[in-house]
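Welcome! Here is a short briefing to read with the structure open beside you.

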Amino acid sequence: VNSFTFAKMYEQAHEVYMRRCLQLARLAAGHVAPNPMVGAVLVHKGQVIAEGYHQQYGGPHAEVHCIQDALQNHPDKIPLSTLYVSLEPCAHFGKTPPCADLIIRHQIPKVVIGCRDSFEKVDGKGIAKLKAAGIEVIVGVLEKEAIALNKAFFTFHQLTRPYITLKWAQTANGYISEEGKTRLMISNDYTNRLVHSWRTEHAAIMVGANTAIADDPLLDNRNWMGPAPKKIVFDPNLKVPVSLRLFNTTAVVIILNTIKDAVAGNIIYLKMDKNSMIPDGLRQLHQLNIQSVLVEGGAFLHQSFIKAGMWDEARVITNKELLVSKGVTAPMLSEQVKLKATVLQNDEIIYFKNQNNSFVHAGTALL
Ligand code: AOF
Ligand code: ZN
């Protein structure tokens, strides 16, 4: 066995343990946002002796759970083990004390990290702290997967705007509405429920003023379990009446407009710059800590996001049996990477990724 093979073996071993971290991290899906999902394992002589993950927003981080597990079962082995963690250990006092300090205190000699944390209070400081304490640190094992796992979190912190998912439903021949009809029923019970699961996985849902008025949607997630997303109406000229059904809710409703900043009950009016509505609107949503938005149309709003280049993913539902002869055509994506297509009943569901946002890698965990 030559040294090259040894190197390869170690690399693969790192990946095996990191894969377990990612698996653990995913157990918290839906429970930790806007925090990232994070998993950790402690390995002693090739054996996993402890595991942990960030389980609850505001609760202990992955490293804390993992080290607690080790303290119960293998306390003597901790200073002789390697800690694997899918995200850089934190260095700040947030809702919990810094994980880097905990690792140092327990004299763990080596830490293998999936990817760096781009949250400004961490952003390399955790790695620096560990190194300064003499700990051997390896960064970037299964990095693409680790980033993809928390794609909204990284987009939010690196691009200072929410992660944007565009969603629309179209007929077999590419129309999203039919001329002369107020409502074209493209979706069915299956796709409706799917859309509600998508809504639940985002921090907010957005529609344009015309769609809000024409469809009078509830914009809630009643057909899926989980926290209620905020509702956003893109209404530059404030023409949407508050008598619409979407306002009849305890959820926060944000109205992006060009006229006023104000708060009225659960309604927040945010004034955007007329000349750069999308970038400025998104900047303000970032300030409100909204990490991800599902944009549900209509076509004009979708096109505005596409034109601004400010979108990350598109999810298109095509009813393969429905044809109309005249209407509004579906948005066009110029830069698109087709990631996956599935068929649900009579519908094809296609996922696209904006390839210009290169740092959000299409790892296995993307979808
Ligand atoms: C870690 N391990 O398991 C997680 C980390 O408010 P706090 O104290 O919970 O801190 C939240 C920030 O900590 C979050 O924005 C992210 O940067 C990092 N999350 N760090 O060391 C973990 N979940
Ligand atoms: Zn931490």
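**The annotated span**

Helices (H or I, at least four residues) and strands (E, at least two) are DSSP runs, numbered from the N terminus. The model is predicted: local features need pLDDT of at least 70, side-chain atom pairs count only at pLDDT 80 or more, and totals for chains, interfaces and linings use all residues. Residues are numbered from 1 along each chain as its sequence is written, while chains are lettered from A and ligands numbered from 1 in the order in which they are written.

- An unreviewed UniProt entry annotates residues 12–138 as "domain: CMP/dCMP-type deaminase"; such annotations may be inferred rather than shown by experiment, and their positions are given in the numbering used here, with feature names shortened.

**Around ligand 1**

- Ligand 1 is surrounded by 17 residues, and the closest are Val 38, His 54, His 61, Gly 94 and Phe 119; a residue is near the ligand if its C-beta atom, placed from the backbone, lies within 6 Å of it.

**The open sheet**

- Ten strands would be a lot to trace by eye, so here is the order: S11-S12-S10-S9-S8-S13-S6-S14-S17-S16, an open sheet of 10 strands with mixed pairing.- Its edge strands, S11 (262–264) and S16 (337–344), each pair on one side only; two strands pair if DSSP finds at least two bridges between them.
- From one strand to the next, the twist averages 20 degrees.
- Strands S14 (residues 313–319) and S17 (residues 347–353) run antiparallel and are joined by 7 bridges, with Thr 318 opposite Glu 348 in S17.
- Helix H10 (residues 299–308) packs on the sheet, touching S6 (163–171), S8 (204–208), S9 (230–234) and S13 (292–295); contact requires C-beta atoms, placed from the backbone, within 7 Å.
- The direction of H10 makes about 140 degrees with that of S6; axes are lines fitted to C-alpha atoms, for helices over the stretch in contact, and angles run from 0 to 180 degrees between N-to-C directions.

**Strand S8**

- In S8, 5 of 5 residues are buried, where buried means that 20 or more other C-beta atoms, placed from the backbone, lie within 10 Å of the residue's own.
- Ala 204, Met 206 and Gly 208 lie on one side of S8, with Ile 205 and Val 207 on the other.
- S8 pairs with S9 in the parallel sense over 5 bridges, and Lys 231 in S9 is the bridge partner of Ile 205.

**Helix H6**

- Lys 151, Ala 152, Phe 153, Phe 154, Thr 155 and Phe 156 are buried in H6 (residues 151–159).
- Their cover includes helix H5 (143–149), S6, helix H9 (277–287) and S13.
- After H6 comes Thr 160, with a positive phi near 45 degrees.

Technical notes: Contact = placed C-beta atoms within 7 Å. Buried ≥ 20, exposed ≤ 12 C-beta atoms within 10 Å, placed from the backbone.
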